Amino acid sequence: MESSVKTDGKGRKTVLNVCTEPCAIEKGMRLIGGKWTGSIIYHLKDSPVRFNDLARMLGGASKKMIDQRLKELEARGMVERKVINDRPVAVTYELTEFGCSALEILENLRVWSEANGIE
């Protein structure tokens with residue numbers, strides 16, 4: 001249901017079908033729009049990646065930030081954490097099917113951002 005604005009005969013405006021909760025776009029942005037979240041998903045697109053390799057790929061993000069975002073993505077079912085070695089502890093992160101479903105959106109956003117010189 002789309003919102004619309006109606007103007008009465010006296011120029012007063014009323015919004016019809018007011019959005020009382022976040023719309024689907026806002027909900028999606030909350031999921032993949034956090035700082036570094038989209039970049040993390042994008043860097044996991046080809047294969048599982050170890051934490052330190054991911055940190056190198058995201059040179060501007062702190063390890064604490066990356067760890068926090070990975071935990072959020074794992075809790076949301078977008079990323080899977082796999083322990084590959086116990087001593088020393090080594091883990092990889094990879095996208096789930098749900099996580100992969102965001103890749104087309106992120107690729108379109110990347111293309112749009114580059115085409116428009118978004119800084």
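These legends describe a whole view and several close-ups of one predicted protein model.

Residues are numbered from 1 along each chain as its sequence is written. The model is predicted, so local features need pLDDT of at least 70 and side-chain atom pairs count only at pLDDT 80 or more, while totals for chains, interfaces and linings use all residues; side-chain values use heavy atoms, with hydrogens and water left out.

**View 1**
Helices (H or I, at least four residues) and strands (E, at least two) are DSSP runs, numbered from the N terminus. Along the sequence, their pattern is β-β-α-α-β-α-α-β-β-α-α. The C-alpha trace spans about 75 × 30 × 25 Å along its principal axes. The radius of gyration of the protein is 20 Å, whereas a compact globule of 119 residues would have one near 14 Å. That radius is taken over C-alpha atoms, and the globule rule is 2.2 Å times the number of residues to the power 0.38.

Buried residues make up 24% of the 119 residues. Buried means under 20% relative accessible area, exposed over 50%, and partly exposed in between (1.4 Å probe, protein chains only). The protein carries 19 positive and 17 negative side chains. The centres of these two sets lie 7 Å apart. Lys and Arg count as positive, Asp and Glu as negative; His and the chain ends are not counted. Each charge is placed at NZ of Lys, CZ of Arg, CG of Asp or CD of Glu.

**View 1. T37 sits in helix α2.**
Helix α2 covers residues 37-43. T37 counts as buried because its relative accessibility is 3%. Leaving aside neighbours within four places in sequence, T37 is in contact with L31, I32, R69 and L73. Contact means heavy atoms within 4.5 Å. Across the protein, residues 24 or more positions apart account for 40% of the contacts with a separation of 6 or more.

**View 2. W36 lies in the loop between α1 (24-32) and α2.**
The phi of W36 is near 75°, a positive value in a residue other than glycine. W36 has 25% relative accessibility, so this residue counts as partly exposed.

**View 3. E72 and D67 both belong to helix α4.**
Helix α4 spans residues 63-75. E72 is partly exposed, with a relative accessible area of 27%. E72 and T37 are 35 residues apart in sequence. In space, their C-alpha atoms are 9.1 Å apart. D67 is also partly exposed, with a relative accessible area of 27%. D67 and A55 are twelve residues apart along the chain, and 9.3 Å separates their C-alpha atoms.

**View 4. S47 is in the loop between α2 and β3 (49-50).**
S47 is partly exposed, with a relative accessible area of 37%. S47 and T92 are 45 residues apart in sequence. From C-alpha to C-alpha, S47 and T92 are 9.5 Å apart.

**View 5. A cis peptide bond joins R87 and P88.**
Omega of this bond is about -10°. P88 is found in the loop between β4 (79-85) and β5 (90-95). Most residues other than glycine have a negative phi, and most peptide bonds are trans.

C23 counts as partly exposed, at 36% relative accessibility. C100 is partly exposed, with a relative accessible area of 37%.
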